Amino acid sequence: MLNPSAFPLSVIICVHDDWKPLESCLKSLSRQRQAPIFEVVVVDDGSADSLPDVITRWSFDYPIRLIRQTHSGLAVARNTGMQNATGAVFLFTDCDCILDEKCLYELGQSLNQHPNDNCFQLWLSGDSSHVVGKVEELHLSVIRSYSLLRDGHIRYLNTAGAALRRRRIAKGAQVFDPCALRAQDTLLLADLIRAGELPRLVTRASVVHDVRLSIPRYIWKGFWTGYVEGKTYGIINSLGISVRATWFGRLRMLISMARESISNSVGLCPLFIAVIRQGLTYLGSVLYEWRNPKSVDIPFRSGLERTGS
């Protein structure tokens with residue numbers, strides 16, 4: 001177990017009218033066993049809805065702070081959370097995520113075992129009790145298989161469950177670029193790759209990303225995500241870093257999805273939805289590039305410390 005004085009941990013959760021799933025996320029943090037000492041920083045990014053009584057009246061067994069800001073986007077909210085956190089390690093998760101009861105313990109173990117690593121990707125999964133959750137599980141499983149390297153690092157970063165050491169951040173810098181409306185974590189990954197680093201996968205630190213959307217809304221969100229992420233990928237392309245799968249890689253992942261849906265009895269419906277959503281995501285990105293041909297001219301400022309840890 002981590003020495004509390006050596007490795008305080010700050011869990012940062014950003015909210016925008018997502019109070020209901022936040023309740024479940026916070027309760028999963030209360031169920032942590034053998035966890036290193038941690039605090040929780042919740043950043044309200046200009047929610048229209050007021051904080052529900054069930055959260056204000058609930059007695060938490062860990063320090064928690066709520067910070068409110070005008071609606072400025074997820075990148076700004078995460079930066080705000082980091083600026084107000086005290087931990088030597090920042091753990092980012094989403095309000096619709098449920099952490100396994102040993103998640104923080106396993107993260108702490110990995111932090112101790114790999115002192116030279118600065119970024120850690122937790123093991124993300126979907127909730128297979130419903131169709132959209134099965135699609136998420138299929139998607140995350142295939143990406144993980146495609147991106148995982150033999151040395152335990154992974155060419156993938158998803159802040160639904162990811163940790164970053166404070167020492168790796170440049171003084172006064174913003175880790176998440178406000179220009180990136182989506183895929184801010186992928187931009188951070190590109191910055192890490194440029195610095196010769198990759199996140200380490202923590203296989204035992206499990207987080208369920210419990211996406212509760214209707215099937216039509218989930219599919220439509222794929223198109224919208226692809227379009228909005230176009231600006232971020234324009235910035236990444238300007239760095240000369242490739243983080244997207246090649247056409248051959250996409251074909252391999254599609255075949256892997258089909259095989260996994262059959263071998264794990266996921267069914268054809270989740271596979272069909274996953275393929276449609278990925279196709280619409282790609283279509284959205286193409287549309288953005290067509291409408292914004294000069295998006296690669298956007299300047300980028302690294303939030304990472306270049307002098308080493």
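Two strands pair if DSSP finds at least two bridges between them. Helices (H or I, at least four residues) and strands (E, at least two) are DSSP runs, numbered from the N terminus. The model is predicted: local features need pLDDT of at least 70, side-chain atom pairs count only at pLDDT 80 or more, and totals for chains, interfaces and linings use all residues. Residues are numbered from 1 along each chain as its sequence is written, and side-chain values use heavy atoms, with hydrogens and water left out.

**The sheet**

Select the strands. Eight of them form an open sheet with mixed pairing, in the order S3-S2-S1-S4-S7-S6-S8-S5. Strands S3 (64–69) and S5 (97–99) are at the edges; each has a single partner strand, so one side of each lacks a neighbour in the sheet. From one strand to the next the twist averages 30° (axes are lines fitted to C-alpha atoms, for helices over the stretch in contact, and angles run from 0 to 180 degrees between N-to-C directions).

Val 42 has Leu 66 in S3 as its bridge partner.

**Strand S4**

Next select residues 89–94. What lies on either side of S4? Strand S1 (residues 9–15) runs parallel to S4 and is joined to it by six bridges; Val 11 stands opposite Leu 91 in S4. Strand S7 (residues 161–165) pairs with S4 in the antiparallel sense over five bridges, and there Phe 92 stands opposite Ala 162.

Now colour S4 by accessibility, where buried means under 20% relative accessible area, exposed over 50% and partly exposed in between (1.4 Å probe, protein chains only). Six of the six residues of S4 are buried, so the strand is largely enclosed by the rest of the structure. In a regular strand the side chains alternate between the two faces of the sheet. Val 89, Leu 91 and Thr 93 are buried on one side of S4, and Phe 90, Phe 92 and Asp 94 on the other.

**Helix H5**

Select residues 131–147. Helix H5 lies across strands S6 (119–126) and S8 (200–209), at about 140° to S6. Of its 17 residues, 12 are buried, among them Glu 136, His 139 and Arg 144. The cover over the buried residues of H5 includes S6, S8, helix H7 (215–238), H8 and H9, contact being heavy atoms within 4.5 Å.

**Helix H8**

Move to residues 247–263. The end C-alpha atoms of H8 are 24 Å apart, which agrees with the 24 Å that its 17 residues should span at 1.5 Å a residue; the expected span is 1.5 Å times one less than the number of residues.

Which residues of H8 are buried? They are Gly 249, Met 253, Met 257, Glu 260 and Ser 261. H5 and helix H9 (268–291) are included in what covers them. On the face turned away, Trp 247, Phe 248, Arg 259, Ile 262 and Ser 263 are exposed. Ser 265, which follows H8, has a positive phi, near 55°.

**The cysteines**

Finally, select the cysteine sulfurs. The whole structure has zero disulfides, a disulfide being a pair of cysteine sulfur atoms within 2.5 Å. For Cys 103, the nearest cysteine sulfur is that of Cys 97, 9.8 Å away; Cys 103 is buried, with a relative accessible area of 0%. For Cys 119, the nearest is that of Cys 103, 14 Å away, and Cys 119 is buried at 3%.
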